[in-house]
There are 4 protein chains.
Amino acid sequence: MINELLRNKKTNFILEAHNAVSAQIVEEAGFPGIWLSSLSMSASWGVRDNNELSMSQVLDIVESITQKVTIPVLFDGDTGYGDYNHFQQLVKKLENRNCMAVCIEDKLFPKTNSFINSEKQKLENTEVFCDKIKAGKDCQRNESFCIIARTETLISGGEMDEALHRAHAYADAGADAVLIHSKKDDISEVQTFMSLWDKSAPVVCVPTKYSATNPDLYSELGLSLVIWANHLLRASLYAMQKVATKMYEAIDIPEVERQIASLDEVFRLQGAYDIRNEQPITK
Amino acid sequence: MINELLRNKKTNFILEAHNAVSAQIVEEAGFPGIWLSSLSMSASWGVRDNNELSMSQVLDIVESITQKVTIPVLFDGDTGYGDYNHFQQLVKKLENRNCMAVCIEDKLFPKTNSFINSEKQKLENTEVFCDKIKAGKDCQRNESFCIIARTETLISGGEMDEALHRAHAYADAGADAVLIHSKKDDISEVQTFMSLWDKSAPVVCVPTKYSATNPDLYSELGLSLVIWANHLLRASLYAMQKVATKMYEAIDIPEVERQIASLDEVFRLQGAYDIRNEQPITK
Amino acid sequence: MINELLRNKKTNFILEAHNAVSAQIVEEAGFPGIWLSSLSMSASWGVRDNNELSMSQVLDIVESITQKVTIPVLFDGDTGYGDYNHFQQLVKKLENRNCMAVCIEDKLFPKTNSFINSEKQKLENTEVFCDKIKAGKDCQRNESFCIIARTETLISGGEMDEALHRAHAYADAGADAVLIHSKKDDISEVQTFMSLWDKSAPVVCVPTKYSATNPDLYSELGLSLVIWANHLLRASLYAMQKVATKMYEAIDIPEVERQIASLDEVFRLQGAYDIRNEQPITK
Amino acid sequence: MINELLRNKKTNFILEAHNAVSAQIVEEAGFPGIWLSSLSMSASWGVRDNNELSMSQVLDIVESITQKVTIPVLFDGDTGYGDYNHFQQLVKKLENRNCMAVCIEDKLFPKTNSFINSEKQKLENTEVFCDKIKAGKDCQRNESFCIIARTETLISGGEMDEALHRAHAYADAGADAVLIHSKKDDISEVQTFMSLWDKSAPVVCVPTKYSATNPDLYSELGLSLVIWANHLLRASLYAMQKVATKMYEAIDIPEVERQIASLDEVFRLQGAYDIRNEQPITK
């Protein structure tokens, strides 16, 4: 349960997935949870991170993942797919699919990725966003379902004071944790936030820009959850681009074959041998 | 058009994709077409290559791809998702999504991957399969839509004579090309097939097992289309497994960052900067 | 729970629905359960009752219904959407959507409606079908989930002996109930079946052809569940055809308005006034 | 083509559908076009008319309809499913499904039905809405695709002047027609609008509240298209409620059977007999 990761004493790291097989890879690597990233789902579908994927499409991905892995999934819910009413639909449908955690951010639907044109992105009214959090908490049926409230205050050019004010308001509204997002190249903003935070809720961060931070620092600052938010997608893109180029040039296919997963590994990952009576014929 | 690739004089190579971004990578690498693989779509969704993805799910992927790329897509239609009637629904829905080529194989629904337990897989009755091909051709609205008929005769342990007989029957039934599939480690079976083939239709092959073949040989044998059927998926799995392990060990994240695509490249691929007024803020 | 309807002592009647609003109407009329008919879902989507709707499409309908009603839904699972493996996927996905009962029939995928060309429809091998039932029972996570096994023996021209043999085999395989289907204009076949049945499992019938049967007879025969299988769809078609014709002729629209639901009733049914702060403005 | 209905000289009436079979009934009654209503799709799915259905869900309905009927479909696009970017996705996907007309309204996403709490609903900024219209026109590939711009000015309590100003702006932005919506019990507002309109674009109206208007008046006023916006859904609800009650009371099922469509009519509508070799066995 993401809930447990938020509440245990140590700092937990979770890794991004964008489909069932990447989720399985996250689990097999040893991570205790999965970040189901909106950016990477969008990118893998060839669309922008502006809510171009419909709720139906992302929920289909969610179900494929929760049927595949045993570790918990934290769903990147963007702004909640509309108003409080849509967020309630989302919460119910996530629970149906055994996804027991969602993160929503205080921007307006349709959102834009935090690292694009960020100064121009408007924040949702604090009260309206608190109402959205409450609406989500009101309709959850499973008590371990958790809602993480992410503030984009610093991303959109706001002050630390406002970030803290919003984070408190979100925790008061019932958020199970707050996520403080920063676009700085170092962890300084998060550090300041943590020094001023009253620990009324666990804190989550996403070191996409400040990944060079010493890993020990996250726990020293008291962060509960650290999200590596897009790395498997980026790993796959890099590798696919290299292999596609080599295949196109077609110099030495067997050499390419040595740098990609075997067919047998594909079969293992997809559970091909779990089906009754099936035996592999490939080496 | 896949149709044109089948009819021009040279041997064309196309590469597998399993989602929109991998399709885009195929296009950007220079390939003239995309093989939308059933194996790799299934594997990326964490399910077996046994028609566990519904027709709705694969059609959603198709649309995301054809909206993204300009090169033609050859859809791996397995056995046609049921009988002739379902194949007709499939053809109409592929055309709606601007996917103008489908490959179907002469096995029974639900199929199993060709390289798993292959001897036990039964072939469809020849006449029934010819009827399915005709049904597809009957209902296409776009004259350039093409249907490739794939025989699994050799895969399932049948004789070359039957493979040739079936291939002829399929061409007579209206198939725009035939695909001769082989699980041998060398191209010998395909070579024999080509030496006996009367050229009544273009021939396609899938050198998954015999990828070490000298690339020039495909054209010497007179093959029209060669499909690299699963390499981008395998490239992505290999890279994601390596990166997930490194991230879990968290020794040197910046070093990992140098071996994966940049965030900016993700944005470029998904068209983030095509949206009005957006300017990148990231390096 | 359908499970409880099968096990309580009385004969329960449930009524067909094909979407969420018809399901709600079934509940509001007082019925203790809903038959989510494959025929009527197909017909409302304009397709044949031959598995033309994908599993994704019907599961989407299921979720819309279970989110709307409080009475249990018995899902018409046709042949289970493929082999035992697909049936297992179906069971898991029905449970995800809080649909805790499915009925599957012993025909081959893709099926044809029982009342069309019935003599030509082949039955599934008994052992294979029992294996499918077991596979479903094996993978259910909720103990109250129930699987009803429907035999089409009499529909396809088989003998009463075979129908009984199959029904016993299905009950032995773990089916929570058996459904004996008959296309006769009277209940005689079902009557014979019940007189020979050893009560090893509850029995369900579908009096589409013998709806003129005295209602008391169902309980006298010891039937546990009687399914009115398609009546709301048929009611809606008849009414829509009449109203469409009147509207086209456009003689007296206000008179038409008196014979259709008010706009306010539409709003009530869809819960328009449940949303915060909304007050009706219409009479 | 809806385009042609807008441009021919007479006043055309089209009728609401909410799924493929109701669309077929509209066609069979003689209407030249279909209004694919957001209200009635929502209500049939048991959800509110507040964009609770995802774009994926409504597009699936669109495809089922355009595969079934030959008359054109005017899709009720609400506010365009987000901003101009989402509207562009919608236009492309409608074209893919051979739906060549969409109507969008000048409210904010997520919208609320026009007849609920209407005074509180805010209008979109005129310039932003014009930009959305242009964005849609820019990306259509089929020249006969048409976009109807609907103003909710009068619905939300605005003045006639603003309604006219907006309608002109929308026509100037490229809208193929404007829809003037009124919640009055008589046609007076539409009458006033038409008397002041400079005919720079065809005008559409929706007499849900003023259905008692003399049918001849629509053409006298110069309206191009009149939409009966929800009558088949309402007809079906009324009939289903009556039949459900009768079935529950189970007094006289054969009498009910005479007031609903026959099973054979269901089969005819769904094309059951179009499939090869099928002969009806039912009377």
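**Labels against cut-offs**

Modeller: Arg97(C) forms a salt bridge with Glu63(A), and the closest N and O atoms are 2.6 Å apart. Keep in mind that this is a predicted model, where local features need pLDDT of at least 70 and side-chain atom pairs count only at pLDDT 80 or more, while totals for chains, interfaces and linings use all residues; side-chain values use heavy atoms, with hydrogens and water left out. Residues are numbered from 1 along each chain as its sequence is written, and chains are lettered from A and ligands numbered from 1 in the order in which they are written.

Colleague: Why is the pair Arg97(C) and Glu63(A) called a salt bridge?

Modeller: The term asks for a side-chain nitrogen of Lys or Arg within 4 Å of a carboxyl oxygen of Asp or Glu. Here an Arg faces a Glu with N and O 2.6 Å apart, so the pair qualifies.

Colleague: And what makes the pair Arg97(C) and Glu63(A) a link between two chains?

Modeller: Arg97(C) sits in the loop between α5 (84-96) and β4 (101-105) of chain C, and Glu63(A) belongs to helix α4 of chain A, so the pair joins two chains. Over all chains, the structure holds 64 salt bridges.

Colleague: How do you know that chain D and chain C are in contact?

Modeller: Contact just means heavy atoms within 4.5 Å. By that test, 83 residues from chain D and 83 residues from chain C take part.

Colleague: What is the area buried between chain D and chain C, and why call it buried?

Modeller: It's about 7,000 Å², with carbon and sulfur atoms giving 67% of it. It's called buried because it's the accessible area (1.4 Å probe) that two parts lose on being put together, summed over both. On the chain D side, Trp45(D), Arg234(D) and Met240(D) lose the most area to chain C, together 10% of what that side buries.

Colleague: Which salt bridges do you have across the interface of chain D and chain C?

Modeller: The rule finds 2 of them there. One of them pairs the side chains of Arg234(D) and Glu257(C) at 2.5 Å, N to O. With an Arg nitrogen and a Glu oxygen at that separation, the label follows from the rule. There are also 22 residue pairs in polar contact between chain D and chain C, both residues at pLDDT 80 or more. A polar contact is a pair of N or O atoms within 3.5 Å; within protein, one must be able to donate a hydrogen and the other to accept it, and residues adjacent in sequence count only if both atoms are side-chain atoms.

Colleague: Which element gives the most to the side of chain D that touches chain C?

Modeller: That's α10(D), with 16 residues. By class, that side has 40 nonpolar, 28 polar and 15 charged residues. In that count Ala, Val, Leu, Ile, Met, Phe, Trp, Tyr, Cys and Pro are nonpolar, Asp, Glu, Lys and Arg are charged, and the others, Gly among them, are polar.

Colleague: What about chain A and chain B?

Modeller: There, 83 residues of chain A are in contact with 83 residues of chain B. About 7,000 Å² is buried between chain A and chain B, 67% of it from carbon and sulfur atoms. The count is 2 salt bridges, and Arg234(A) meets Glu257(B) in a salt bridge (2.5 Å, N to O). The rule also finds 22 residue pairs in polar contact across that interface, and α10(A) gives the most to the chain A side, with 16 residues.

Colleague: How do you know that the strands of chain D close into a barrel?

Modeller: Helices (H or I, at least four residues) and strands (E, at least two) are DSSP runs, numbered from the N terminus. Two strands pair if DSSP finds at least two bridges between them. In chain D, 8 strands close up in the order β1-β2-β3-β4-β5-β6-β7-β8, with parallel pairing. Strand β1 (residues 12-17) of chain D is joined to β8 (residues 225-228) by 4 bridges, so that pair passes the test. Within that pairing, Ile14(D) has Ile227(D) as its bridge partner in β8(D).

Colleague: What angle does α10(D) make with β1(D)?

Modeller: About 45°, and α10(D) packs on the sheet, touching β1 and β8 of chain D. Axes are lines fitted to C-alpha atoms, for helices over the stretch in contact, and angles run from 0 to 180 degrees between N-to-C directions. Helix α4(D) lies across β2 (34-36) and β3 (73-76) of chain D, at about 170° to β3(D).
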